[in-house]
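Welcome! Take a moment to look over the structure shown here, and then follow this short tour of its parts.

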Amino acid sequence: MSTATTQSVTLSWWNSSLSPKGGFRTKAHLEEAKAVILYLIKSQKVDFLAIGEVSETYSQVIEDLLFESNYEYEPCLYPSGKSKFNHGYIYNSEKISIVDREILKFKENNRSYRLGHAITLRTIYSEVPVLLIVSHWPSNLYENKVIKNKHGINLKRYIDDLRSNYFEESHIILMGDYNLDPFEECLTDYLLATRDRSLVIKKPELFYNPYWRSLGLSECSQFCGSYYYKSGNNTRWHLFDQIMFSAPFIKEYEWRLLEEGKIIGHQFLVEMITDHKKKFDHLPVIAKLEKINV
Amino acid sequence: MSNFKDAFQSGIKEAKIAQSNIKEITSIFDDFNIDIHDASNKVIDLEIRQQYDSQQDSPFNRGIASLVRDFTNIGRYYEAIMASNSIKDNVEPIELCEWKIGVKGYPVKLSYEGLSESCEDKVSLISALEDLLRHPATGRKLNSLIEKSN
């Protein structure tokens, strides 16, 4: 039961579309993006927001937005072949600190692919760190299925190495825009992200992916996913933005999931991404963790 | 119905692929070493050597250790590319990067300075080793070895 004294942390991912491929957007787009950030921090009480598609140009804008608040901004801007990592982290520095960072890439035929950014988070509530891997994988428009699957294989390999180096049951969260729906082979067969919560308890190599529950057009009223593609042939909705959890969160070691598989579909956000004149196309996703006090 | 013959053939085939890949990777590393040796006026030698990391400084590990209440055996062994001064024996070798070869040879993973990169083939590995050399931290390490031979 959650109470006012709950020790909790709310995490979110949002692809802001501010700098696709390092480009720029209009001032109006920027102002609306700032409004979304403030909405997530103030109304949704997000403590840690990983924000996608934010080039160096916008780092100062975000820092200014957070001025004199207890939130800080840390950009993740690293080159990777012809592309680059261009996301950042807005976080409540009174609750969370980022204590370690590692860029994850793989190379094939001399092309570099971005797997993710592994950051170790510490909260004021626990000695136990959480490894968060933030990813933005390529769109189906630019990469074939074989390469997409290699992203899942290589990320799983990195996690396996980490588990063998450290501790089999580490607290790991995967989040980002995978440009894949939860049911796609790369996530289910290679990254081993499953809808089956109880199976994760028996097989800790699996990740729990709560976003399966948000699939299903028949249940849809205003929005049916996190990504809206205006020219989609069979569907305009996809669930490309997800937050997945390693077994200790399901076994409720140190942390438990208080909210999971949630897409923030406030009316103003849905209107923003379905408006053909605007360049937004993603809704934020959110998860809430509660510290377990024994 | 078991199919041990097919499994046997498959295992032999995979072993041959792995053997061929590892031979190729060894050859790339040998060329890498020769080029660095020449470029450094024969001062620097490279080798792959097993290292031990106590992991006492790792923030991730310290937290995990506190969770399992076990501060023993948290270290790990790994392989690394080590650079040494071939002229003076008393100069401590320096680690350039962590190096991990896959079961089938590829991928080869290089980890250094907050980067972890897996290379799926020959051309990618060569390119990743060039990136390693171009990194300012690597330049600083190699330069310090060269300066110690004066």
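Helix α7 of chain A, which spans residues 267-274, has three buried residues: Leu269(A), Met272(A) and Ile273(A). They sit on the same side of α7(A) because they cover an arc of only 85° around the axis. Keep in mind that this is a predicted model.

**More about helix α7 of chain A**

- What does the face turned away from the buried side of α7(A) carry? That face holds the exposed residues Gln267(A) and Glu271(A).
- The buried residues of α7(A) have packing partners in chain A, namely α1 (27-43) and β11 (227-228).

**Chain A as a whole**

- Chain A contains 7 helices and 15 strands.
- Its radius of gyration is 18 Å, close to the 19 Å given by the globule rule for 294 residues, so chain A is as compact as a globular protein of that length.
- Along the principal axes, the C-alpha atoms of chain A fill a box of roughly 50 × 45 × 40 Å.
- Of the 294 residues in chain A, 48% are buried.
- If you take the contacts in chain A between residues at least 6 apart in sequence, 68% of them join residues at least 24 apart.

**The nonpolar cores**

- How many residues does the largest nonpolar core have? It has 80 residues, and Leu49(A), Ile90(A), Leu132(A) and Met175(A) are those with the most contacts inside it.
- Let's zoom in on Met175(A): leaving aside residues up to four places away in sequence, Met175(A) touches Leu11(A), Trp13(A), Ala50(A), Leu132(A), Val134(A) and Ile243(A).
- There is also a second, separate core of 19 residues, and among its members are Ile44(B), Leu46(B), Ala80(B) and Leu125(B).

**Strand β4 of chain B and its neighbours**

- Why is strand β4 of chain B (residues 105-112) described as largely enclosed by the rest of the structure? The reason is that 6 of its 8 residues are buried.
- On one side of the pairing story, strand β3 of chain B (residues 94-102) runs antiparallel to β4(B), and 5 bridges join them.
- Within that pairing, Ile101(B) has Val108(B) in β4(B) as its bridge partner.
- The link from β3(B) to β4(B) is a hairpin through 2 residues.
- β4(B) is also joined by 5 bridges to strand β5 of chain B (residues 115-119), again in an antiparallel arrangement.
- Here Tyr112(B) stands opposite Leu115(B) in β5(B).
- These two strands, β4(B) and β5(B), form a hairpin with 2 residues between them, and Glu113(B) in the turn has a positive phi of about 45°.

**Where the two chains meet**

- How many residues does each chain bring to the contact? Chain B gives 22 residues and chain A gives 25 residues.
- On the side of chain B that touches chain A, the elements giving two or more residues are α2 (59-68), β5 and α3 (122-134) of chain B.
- Among these, α2(B) supplies the largest share, with 8 residues.
- By type, the residues on this side of chain B divide into 10 nonpolar, 8 polar and 4 charged.

Methods: Residues are numbered from 1 along each chain as its sequence is written. Chains are lettered from A and ligands numbered from 1 in the order in which they are written. This is a predicted model: local features need pLDDT of at least 70, side-chain atom pairs count only at pLDDT 80 or more; totals for chains, interfaces and linings use all residues. A residue is buried if 20 or more other C-beta atoms lie within 10 Å of its own, exposed if 12 or fewer, and partly exposed in between; C-beta atoms are placed from the backbone. Helices (H or I, at least four residues) and strands (E, at least two) are DSSP runs, numbered from the N terminus. The arc is that of the directions from the helix axis to the C-beta atoms. Two residues are in contact if their C-beta atoms, placed from the backbone, lie within 7 Å. A nonpolar core is a set of buried Ala, Val, Leu, Ile, Met, Phe, Trp, Tyr and Cys residues joined through C-beta atoms within 7 Å. Two strands pair if DSSP finds at least two bridges between them. Ala, Val, Leu, Ile, Met, Phe, Trp, Tyr, Cys and Pro count as nonpolar, Asp, Glu, Lys and Arg as charged, and the others, Gly among them, as polar. The radius of gyration is taken over C-alpha atoms; the globule rule is 2.2 Å times the number of residues to the power 0.38.
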